[in-house]
Structures are given as C-alpha cells and as structure tokens.
Amino acid sequence: MGVLSITDFTMVLMMLWKFRENIDEMRGKPLSYDEFKGMDIANMKISRWKELLKMRGMQREFISVNSNESIFHAVEMLTKHRIHRLPVLDRRSGDCVFILTHRRILHYLWKHCSCLSRPDYMYERVSDLKVGTYTGIHYATKDMTLLDVLDMIIDNSISGVPIVDESTMKIVDVYTRFDAVAAAFSRTIDMSITVEEAIRQRQRICGDRDGVVTAPEDVKMLDLVETFVEKNVQRVFLVDNCFRLKALVSLTDLIVYMVLRPAVALQCSSLS
C-alpha cells in the first residue's frame, strides 16, 4: 500500500524533460502528446516508479493512522512528516476508509467548535502571533521558466509559490503543484516556457479559478480563519496597502497553532 500524489506526477514530467534536454537534437523542443505516449516513462508502472525513487533515496515512508486514533494524533503525524494527506485505515481490514487533510480538520473545527467560547488569540493580529512565514519566502517572477519554478516547489517541499512583480514585489498570481497537471493535458509538454505562459495555459485548459487569496498584513486571526474556510484554499498571502507580499500563512500553520501549540504549552506548564 502507498500513496501516489501530484508530486509524483510532477516529478515524472520533470524527469522526462530533463532527460530530453541532455539530448542535443531534442533540447528545447516541445514534446507532443503522441511522442509522450510512445515513451517508456509514460507507460511506467507505479511499482517501477517507486523502485526508481527508492534507488535515488527519495522514497518516503508510507504514513497512516488507524480509524480509532484521535484527530490530535493525526495532526501530529501530518506535522511531523510534513505531509498534506493522511490515509486513515480500518484497524481490522487495513483498508483505507478516507483521507484526512489539514483542510478537513480546519472545517471540522470551524463547524463543531463554533458553539464554544473563542480563545483570546482569535482577536489578535496574526502578525503579532507570528503565525506563518515572514522571512525567506520562496517566490517566483513572471519570466522564470516553468521548470525552475517546479524545481523550487519540489526541492523545498512546498505546495506552491506566489508569482510577484520583481520591481514592486506585488503579487500577481500563484503557481502550485496542481497546476502542473495542465502541462500534461496541453497539446505539447514544454517546461522551458515562462511561468506566466504556463498560467495562461492552465487557464485555457482548466478554466479560471479564485487566483491569489490575500489578506491585510494586520488581519486578525478570526478573520483569517474565516477566509481559509470560505475560500477553501491552502494558503493566504498577507500584503500591505500596496499589495506587496509581506507574509504567507498556510493551512498547516493554522492547524499547528490552533491544535498543537496549546497542547505543548499545557505540557510545559504541567512540568514546571
């Protein structure tokens, strides 16, 4: 048993493109869909792909929880192993009964804890609570190649990057791992195109989406949580009055602060 994710799919495309770039007569030339279907890598069995990952030391341990485990334990596992999806297995049959994500956990908390009194931090500014990333944010510019952007995403184990105007640092869009799916459904596979063109390609194939979801840099925690729930997104970018990128808050950041942090604080206070 294992998990095949969009990351595996993206890595296959990247491996294919980098292989072609090492062949002089193929370098820089888009790959047609028919050519792709005729290549061995397009017909590779999942088991073979996992063997390749293992040979390269890139295969990750299969992480799961039993259906009788607590949500708190599930959050611990998601955080410890830096994963976004956690298979929940039936403890008797071993079958996967559903997949738990940060998004589902947040929606559960929002729905079932709304009748409880809200903690004080919900009315504080997110920046004061230091929830999210404020320095060393990975971002891309519109003229970066699609391959460079995907390399940044995969190498840093992040789900996506904001696309900014380099001169002003204003956010213009966001590119995620899921957007790489559009590359496979286009008439040709070309990772030498700019990420700006890749976004236009995604819009042609997948249609429009909400795009960049932002919040003011002085947003309160409660308002930010509402934004995550209503927009159903993985990340929200904090911007100043000029729409310049100041911070990034992910679903993981929210869940860690709301679920794990209080437990750690309680444990520390009991020890002291």
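Guide: Val161 stands opposite Tyr175 in β7. This is a predicted model, and the pairing belongs to strand β6, residues 160–164, which runs antiparallel to β7 over 5 bridges. The two strands form a hairpin, with 6 residues between them. In that turn, Met169 has a positive phi of about 65 degrees.

Look at β7 itself. The strand spans residues 171–176 and is mostly covered, with 5 of its 6 residues buried. Asp173 lies in this strand. Is Asp173 buried or exposed? Asp173 has a relative accessible area of 13%. The cut-off for buried is under 20%, so Asp173 is buried. Which residues does Asp173 touch, leaving aside neighbours within four places in sequence? Pro162 and Ile163 are in contact with Asp173.

Phi of Ser157 is near 50 degrees, a positive value in a residue other than glycine. At 38% relative accessibility, Ser157 is partly exposed.

Another strand to inspect is β10, residues 235–239. Here 5 of the 5 residues are buried, so β10 is largely enclosed by the rest of the structure. In a regular strand, side chains alternate between the two faces of the sheet. In β10, Arg235, Phe237 and Val239 point one way. Val236 and Leu238 point the other way, and all are buried. The partner strand is β9, residues 214–216, which pairs with β10 in the parallel sense over 3 bridges. Within this pairing, Leu238 of β10 is the bridge partner of Ala215.

Follow the chain on from β10. The loop between β10 and β11 (245–250) holds Phe243. Phi of Phe243 is near 70 degrees, again a positive value in a residue other than glycine. Phe243 is partly exposed, with a relative accessible area of 34%.

Next, a helix pair. Helix α5 (residues 102–112) packs with helix α10 (residues 221–231) at an angle of about 120 degrees, their axes 10 Å apart. That angle makes α5 oblique to α10. The crossing is left-handed. From α5, the contact is made by Leu106, His107 and Trp110. From α10 come Leu222, Val225, Glu226, Phe228 and Val229. These contact residues divide into 6 nonpolar, 1 polar and 1 charged.

Last, a sheet. Here 3 strands form an open sheet in the order β2-β3-β4, with mixed pairing. At the edges stand β2 (65–66) and β4 (96–101), each with a single partner strand, so one side of each is left without a neighbour in the sheet. Strand β3, residues 85–89, pairs with β4 in the antiparallel sense over 5 bridges. Across that pairing, Arg85 stands opposite Thr101 in β4. Helix α4, residues 71–80, packs on the sheet and touches β2, β3 and β4. The direction of α4 makes about 135 degrees with that of β3.

Key. Residues are numbered from 1 along each chain as its sequence is written. This is a predicted model: local features need pLDDT of at least 70, side-chain atom pairs count only at pLDDT 80 or more; totals for chains, interfaces and linings use all residues. Side-chain values use heavy atoms; hydrogens and water are left out. Two strands pair if DSSP finds at least two bridges between them. Helices (H or I, at least four residues) and strands (E, at least two) are DSSP runs, numbered from the N terminus. Contact means heavy atoms within 4.5 Å. Axes are lines fitted to C-alpha atoms, for helices over the stretch in contact, and angles run from 0 to 180 degrees between N-to-C directions. Buried means under 20% relative accessible area, exposed over 50%, partly exposed in between (1.4 Å probe, protein chains only). Angles under 35 degrees count as roughly parallel, over 145 as roughly antiparallel, 65 to 115 as roughly perpendicular and the rest as oblique. A crossing is left-handed if the near helix is turned anticlockwise from the far one by less than a right angle, and right-handed if clockwise. Ala, Val, Leu, Ile, Met, Phe, Trp, Tyr, Cys and Pro count as nonpolar, Asp, Glu, Lys and Arg as charged, and the others, Gly among them, as polar.
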